[in-house]
Amino acid sequence: MKGTILKCVSKIVVENHGSEIWSKCLETSGFDTNHVFMMRDDVDDNDTVKLLVNTAKILGITIQQFFDIFGDYWVNSYSVNLYKSYFDEYSSSKEFLLNLNTIHKEMTEIFPNAKPPSFDFESISDNKLRVKYKSKRGLIDIFISISKGLAKYYNDKVEVKKIDNEFVEFTYL
Ligand code: HEM
């Protein structure tokens, strides 16, 4: 996983809990206590997941709660500053989502070695969209959390329902 994801995680923990807690998260996951993630780093996927799981444990919350915090911060604090033009280009979370394959593809040019997820979309009805999450990493729960952050950014009322480990259904209210 690209270091930008873990750089974002580090910001969340340091800003809200301080650098000592972050050092503890790093240490328990096998990283140097003062390790700094750079955006273009390649971090082993297992080490990434280990760090996410240990961070949630140290913060005393469930992994899903931590993913939700990450999803919110990733959209509403981190990406919106770095990649504002994407957020200006689209006018709703649905439109953004439908263009996510293109956005992620552009990321593979900015970040060599990036293997972002890709998505298939199927319109079930006027207000229902079924999305197939495609990634070897199996991080559909992070996808759901980022989607909720995206809905918050655009002030959209959306019900997000996980069907299984591949499919998510969005109902736009
Ligand atoms: C401008 C906004 C965004 C940027 C710049 C961005 C960029 C990235 C990058 C660089 C990665 C790491 C890929 C890798 O290391 O192989 C990634 C992963 C990921 N992104 Fe995005 N992304 C954005 C928006 C979103 C949104 C809105 C969602 C979901 C609705 C999303 C879902 C994911 C997921 C689930 C991963 C984890 C990797 C995986 O599942 O394999 N991203 N993104």
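**Helix packing and aromatic pairs**

The crossing of H1 and H3 is left-handed, a term used when the near helix is turned anticlockwise from the far one by less than a right angle, with right-handed for clockwise. Helices here are DSSP runs of H or I with at least four residues, strands are runs of E with at least two, and both are numbered from the N terminus.

A word on the source. This is a predicted model, in which local features need pLDDT of at least 70 and side-chain atom pairs count only at pLDDT 80 or more, while totals for chains, interfaces and linings use all residues. Residues are numbered from 1 along each chain as its sequence is written, and side-chain values use heavy atoms, with hydrogens and water left out.

Back to the helices. H1 covers residues 3–17 and H3 residues 45–59; their axes come within 11 Å and cross at roughly 15°. That makes H1 roughly parallel to H3. Axes are lines fitted to C-alpha atoms, for helices over the stretch in contact, and angles run from 0 to 180 degrees between N-to-C directions. Under 35 degrees counts as roughly parallel, over 145 as roughly antiparallel, 65 to 115 as roughly perpendicular, and the rest as oblique.

Which residues of H1 and H3 make the contact? On H1 they are Leu6, Val9, Val13 and His17, and on H3 they are Thr48, Leu51, Leu52, Thr55 and Leu59; contact means heavy atoms within 4.5 Å. By class, that is six nonpolar, three polar and no charged residues. Ala, Val, Leu, Ile, Met, Phe, Trp, Tyr, Cys and Pro count as nonpolar, Asp, Glu, Lys and Arg as charged, and the others, Gly among them, as polar.

Next, H1 against H4. Their axes come within 10 Å and cross at roughly 100°, which makes H1 roughly perpendicular to H4. The H4 side of this contact includes Phe66, Tyr73, Trp74 and Tyr78, and the H1 side includes Ile5, Cys8, Val9 and Ile12. The contact has 10 nonpolar, one polar and three charged residues.

H4 also meets H8, residues 140–153, where the axes come within 8 Å and cross at roughly 45°. H4 and H8 are therefore oblique to each other, and their crossing is right-handed. Among the contact residues are Phe70, Gly71, Trp74 and Val75 of H4 and Ile142, Ile146, Gly149 and Tyr153 of H8. The classes here are nine nonpolar, five polar and five charged.

Now the aromatics. The structure holds 14 aromatic pairs, where rings of Phe, Tyr and Trp (its six-membered ring) pair if their centres lie within 6.5 Å, and planes under 30 degrees apart count as stacked, over 60 as edge-to-face and the rest as tilted. Tryptophan 74 and tyrosine 78 have ring centres 5.2 Å apart and planes at 25°, so this pair is stacked. Being four residues apart in H4, residues 63–82, tryptophan 74 and tyrosine 78 are separated by about one helical turn.

Are these two buried or exposed? Tryptophan 74 is buried at 15% relative accessibility, and tyrosine 78 is buried at 4%. Buried means under 20% relative accessible area, exposed over 50%, partly exposed in between (1.4 Å probe, protein chains only).

For tyrosine 153 and tyrosine 154, the centres are 4.8 Å apart and the planes at 85°, so the pair is edge-to-face. Tyrosine 153 is partly exposed at 27%, whereas tyrosine 154 is buried at 12%. Elsewhere, Phe119, Phe121, Tyr133, Phe143, Phe170 and Tyr172 form one aromatic cluster.
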